[in-house]
Amino acid sequence: MGLELYLHLLSQPCRAIYIFAKKNGIPFQQRTVELLKGQHLSDAFAQVNPLKKVPALKDGDFILTESVAILLYLVRKYKVPDYWYPQDLQARARVDEYLAWQHTALRRNCLRALWHKVMFPVFLGEQVSSELLAATLAELDVTLQVLEDKFLQNKAFLVGPQISLADLVAITELMHPVGAGCQVFEGRPKLAAWRRRVEAAVGEDLFREAHEVILKVKDTPPADPTVKQKMMPRVLAMIQ
Amino acid sequence: MGLELYLDLMSQPCRAVYIFAKKNGIPFQLRTVELLKGQHYTDSFAQINPLRKVPALKDGDFTLAESVAILLYLSRKYKTPDHWYPQDLQARARVDEFLSWQHTALRSCCSRAMWQKMMFPVVMRQPVPQETLLSTLAELDSCLQLLEDKFLRDQDFLTGPQISVADLMAITELMHPVSAGCQIFESRPKLAAWRRRVEAVVGEDLFREAHAVVLKAKDTPPLDPAMKEKFQHLMRLLLQ
């Protein structure tokens, strides 16, 4: 069967894996899991990932969840260029540090920004108070400052002079609020310059392809009522 | 100067790093950062970790935040026994999967359970609504079920037949609600057996030493208002 990647490009971590696999010429079967139709909640998908989340990897009988684990597995199995996850002790530690920090920081804020600004009103038909939205966008702003001040600083990429997994994970996160219409890069020239470098390193065609879905997210049709009902509790838990 | 570890054994990830370093005979200077005295908010500590959190590592000029990054750095630099972070591709992926999952799952519910059940009412003298506490304890319960069903299953340790950094992270997390009086092992014989195995491998003296502080947390004298003020932001997050 070969490597199978269960993905949906609406999801930030899925985009990071998609770009990484494509960029490195890793052969895989893409299994699209239609999140907006609730396909991740199906019994069939639960056989792959009982946590009912994407991304998920299936390599023969071996099933793996969690995007960071999947990226590291692909790095090791397919022996990609060193800069993605450098051998150097300290450089590697910097990548690990970013990959750990982002779960409860950038990931959380970018997810909340998208859902509060677009997905709740447009997809779920639920109003979000302007105070809540303002608070979410303010938190995102603080996190972007940390991204610039602690991680990027005056370097070309987040952990050094070359692109790494950290940059892929970060850029795919930031495209979430961009898709929602947030001004993430405007007013942040350092971050904007970093974005251009990451896009150039990834390749503009691949970057565009990976982000087609999220850049059209404002046109998402309203959810089917049954799907909405099934998804609500999980959405609320996800953006907590 | 040598390796310095900035820790407060009140913190779950600090305990994991402490146990790992001690168990593996890694020489280090312990720099205690007293969280309840707000020592992590000082300018001098910000030099070590601008994210103002523990644990943090300083190795010569190299500083590192994030417990997962620190554990992996130590395992590589000090060439600790393979079982802690196995070379085998799939075994390592299992450890990565746990280390990734725990950030927003186990870490989150163990912190909130401990704070809502004990730290807020006793130390902060702030009552917590009964519904909030019950909801958090229910979440903790689901999380523990997932820990048993997805990770532990019928294995001796979370990711296989031998202890790894995943078990250290997990056990130190679970001691948080234990310190608040939650009966998490009493109704879960599988988890209780796993705990005994982990304690036996770590060594009961070291385990007790690492947990002495948190097991006495309920005797912490109430915080003065100025200190409470500093914790406002954290308190909002922990009251969810």
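Me: Are A:R208 and A:D205 buried or exposed?

Reply: A:R208 is exposed, and A:D205 is exposed too. Buried means under 20% relative accessible area, exposed over 50%, and partly exposed in between (1.4 Å probe, protein chains only). This is a predicted model, where local features need pLDDT of at least 70, side-chain atom pairs count only at pLDDT 80 or more, and totals for chains, interfaces and linings use all residues. Residues are numbered from 1 along each chain as its sequence is written, chains are lettered from A and ligands numbered from 1 in the order in which they are written, and side-chain values use heavy atoms, with hydrogens and water left out.

Me: What do the side chains of A:R208 and A:D205 form?

Reply: A salt bridge, at 3.3 Å from N to O. The term stands for a side-chain nitrogen of Lys or Arg within 4 Å of a carboxyl oxygen of Asp or Glu. A:R208 and A:D205 are three residues apart in helix α9 (residues 204-215) of chain A, about one turn of the helix. Helices (H or I, at least four residues) and strands (E, at least two) are DSSP runs, numbered from the N terminus.

Me: How many salt bridges are there over all chains?

Reply: The search of the whole structure gives 26. One of them joins the side chains of A:D59 and A:K77, at 2.6 Å from N to O. That pair links distant parts of the chain, with A:D59 in strand β3 (residues 56-59) and A:K77 in helix α3 (residues 67-78) of chain A, 18 residues apart.

Me: Why does A:D59 count as buried?

Reply: Because its relative accessibility is 13%. A:K77 has 33%, so A:K77 counts as partly exposed.

Me: What about chain B, which residue does B:E148 meet in a salt bridge?

Reply: B:R188, at 3.0 Å from N to O.

Me: Buried or exposed, for B:R188?

Reply: B:R188 is buried, with a relative accessible area of 8%. B:E148 is buried as well, at 9% relative accessibility.

Me: Where is B:K190, and what does B:K190 touch?

Reply: B:K190 is in helix α8 of chain B. Leaving out residues up to four places away in sequence, B:K190 touches B:E148, B:L152, B:R153 and B:D154. Contact here means heavy atoms within 4.5 Å. B:K190 is partly exposed, with a relative accessible area of 32%. Its C-alpha atom is separated by 13 Å from that of B:K150, 40 residues apart along the chain.

Me: Switching to the overall fold. How many helices and strands in chain A?

Reply: Chain A has 10 helices and four strands. Along the sequence the pattern is β-α-β-α-β-β-α-α-α-α-α-α-α-α. The radius of gyration is 18 Å, close to the 18 Å that the globule rule gives for 240 residues, so chain A is as compact as a globular protein of that length. That radius is taken over C-alpha atoms, and the rule is 2.2 Å times the number of residues to the power 0.38.

Me: What share of chain A counts as buried?

Reply: 57% of the 240 residues. Among contacts in chain A between residues at least 6 apart in sequence, 73% join residues at least 24 apart.

Me: And the hairpin of β3(A) and β4(A), which residue there takes a positive phi?

Reply: A:G60, near 65°, in a hairpin with two residues between the strands. β3(A) pairs with strand β4 (residues 62-65) of chain A in the antiparallel sense over four bridges. Strands pair if DSSP finds at least two bridges between them. A:L57 stands opposite A:L64 in β4(A).

Me: What does B:G60 do in the hairpin of β3(B) and β4(B)?

Reply: B:G60 takes a positive phi near 70°, and two residues lie between the strands. B:L57 stands opposite B:L64 in β4(B).

Me: Last topic, the interface. How much area do chain B and chain A bury between them?

Reply: About 2700 Å², 63% of it on carbon and sulfur atoms. Buried area is the accessible area (1.4 Å probe) that two parts lose on being put together, summed over both. The contact takes 31 residues from chain B and 28 residues from chain A.

Me: How many salt bridges across the interface of chain B and chain A?

Reply: The rule finds two. The side chains of B:R76 and A:D96 meet in a salt bridge at 3.0 Å, N to O.
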